[in-house]
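Keep the structure open as you read.

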Amino acid sequence: MAKARALDKRRKSIAGIRKITRTMELVATAQFRRATERAVAADSYSKRIVRVVADLARAGLEISHPLLDKRESSRKAVLLVLTANRGMCGGYNGGVLRAALARLEELRRTYDEVELYVSGKRGVSFLKYRGWEFAKVFTNFEHKPTFEEVDEVASELLDRYRVGEIDRLDVAYTKFVSISKQYPLVETALPFAASTATDDEESSENAGESPFEFLPSPRSVLEEIVPNAFKAKMFQCFLDAAVGEQIARMIAMKAATENADAMISNLTRTYNRARQAQITNEIVEVVGGANALS
Amino acid sequence: MRCVAVTPEKTVVDRETSFVVVPLYDGEYAIGPGHSPVVGRLGAGEARLTFEDGSVERWYVEGGFVETSNDVATILTNRAYPMAELDLDAAKKALEEALKRPASSPEAAEAKADAVATARARLRAAEKAARL
């Protein structure tokens, strides 16, 4: 009886685990949908910003701004790492942290000082284990980063960059391309890449004429748009990371649930076989005993 | 004339309007139907949207742009709240904090001036909202 009972116990505990993974999958699915909606909304804002920049370019303004210029000095660099607060999401955290570590080593070679900003408990514990120290830690970004929260971080970094306290800002996060494609990426956020602003095809087609009047001047509009584009970009990074996390968790939990299903059916089969063998054994014993008596 | 107000988080307004007043960097700017194409830099302050039925909505916006083309006025801003939601005490506190910022270099002074101007505009809007 001992073996059959042990098998049954194991089957029950796996059924319990399956319930948990299944629930986590459903939760991740719901959060993923919400996160995607937000990412799409943010995208429409960024697209409009890009359009204004395209209009500026058409007005014949050369796109130049202190935030776009490369810095000569290499004193201090900041690396912002976006990870999840929780695990159970497959290779999500590992991928970002691997990419971040590689960049971290690289930055340490070229810059006198490297500061780490880390979001997510997973990243914190990993990097602490590796012996890194943090300048700032955020754990308030879950599946729903708000612009307000991101703006606080972005504005602080922007101010520090403006006054020359830091010379470079890199962001390690998970880029969201589509539901079937996300990958860890380390991008340089400051100096801000002008490519995001000028890769518009339309702008080159009708260059030279702009129907717009710029108030108070094209230069002033540009001065305002670059920090805004930077903040929008940062917000996009946080949203991408949130969406990526939910997708990774969804897939990992789906696989875990399926695995649990396979284990349960395997265990049920073994259990039934063990039970049957036990019954046969008992019958044989009873028959044997009766025969011996007669 | 359609008016669309977009923040990075969501589209807050997308409605037919008859008249829109936005706070530009250096003063208010009004946009009526059939306005010529304009891109304007917004400051912080109150945007008033008059709808076709004559009702008025007041929004507090902070920085960004307004763009008009093809009879659509698009407001792109980092923050947009209904005026009624502005918190007077929080606005006062924000101004105090902005005034405390260091101005040790030309760049820092510039950043401080920006922050102070924004905080003042916000306080002004909050005071106005409290009076309404």
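Counting over all chains, the rule gives 38 salt bridges, a salt bridge being a side-chain nitrogen of Lys or Arg within 4 Å of a carboxyl oxygen of Asp or Glu. Bear in mind that this is a predicted model, where local features need pLDDT of at least 70 and side-chain atom pairs count only at pLDDT 80 or more, while totals for chains, interfaces and linings use all residues. Residues are numbered from 1 along each chain as its sequence is written, chains are lettered from A and ligands numbered from 1 in the order in which they are written, and side-chain values use heavy atoms, with hydrogens and water left out.

For a salt bridge inside one chain, look at A:Lys47 and A:Asp43, with N and O 3.1 Å apart. Both residues sit in helix α1 (residues 2–58) of chain A, 4 residues apart, or about one turn of the helix. Helices here are DSSP runs of H or I with at least four residues, strands are runs of E with at least two, and both are numbered from the N terminus.

What about aromatic rings? There are 6 aromatic pairs over all chains; rings of Phe, Tyr and Trp (its six-membered ring) pair if their centres lie within 6.5 Å, and planes under 30 degrees apart count as stacked, over 60 as edge-to-face and the rest as tilted. A:Phe141 and A:Phe238 make a tilted pair, because their planes are at 45 degrees, with the centres 4.5 Å apart. This pair links distant parts of the chain, 97 residues apart: A:Phe141 is in the loop between β3 (136–138) and α4 (147–162) of chain A, and A:Phe238 is in helix α7 (residues 218–293) of chain A.

Now for the interface. In contact (heavy atoms within 4.5 Å) are 34 residues of chain B and 31 residues of chain A. B:Glu9, B:Val39 and B:Arg41 supply 24% of the area that chain B buries against chain A, more than any other three residues; buried area is the accessible area (1.4 Å probe) that two parts lose on being put together, summed over both. That area is about 2700 Å², with 55% from carbon and sulfur atoms.

Two of those three residues turn up again. B:Arg41 forms a salt bridge with A:Glu224, the closest N and O atoms being 3.0 Å apart, and the interface has 8 salt bridges. B:Val39, in β4(B), stands opposite A:Phe214. Strand β6 (residues 213–215) of chain A pairs with β4(B) in the parallel sense over 3 bridges, where pairing takes at least two DSSP bridges between the strands.
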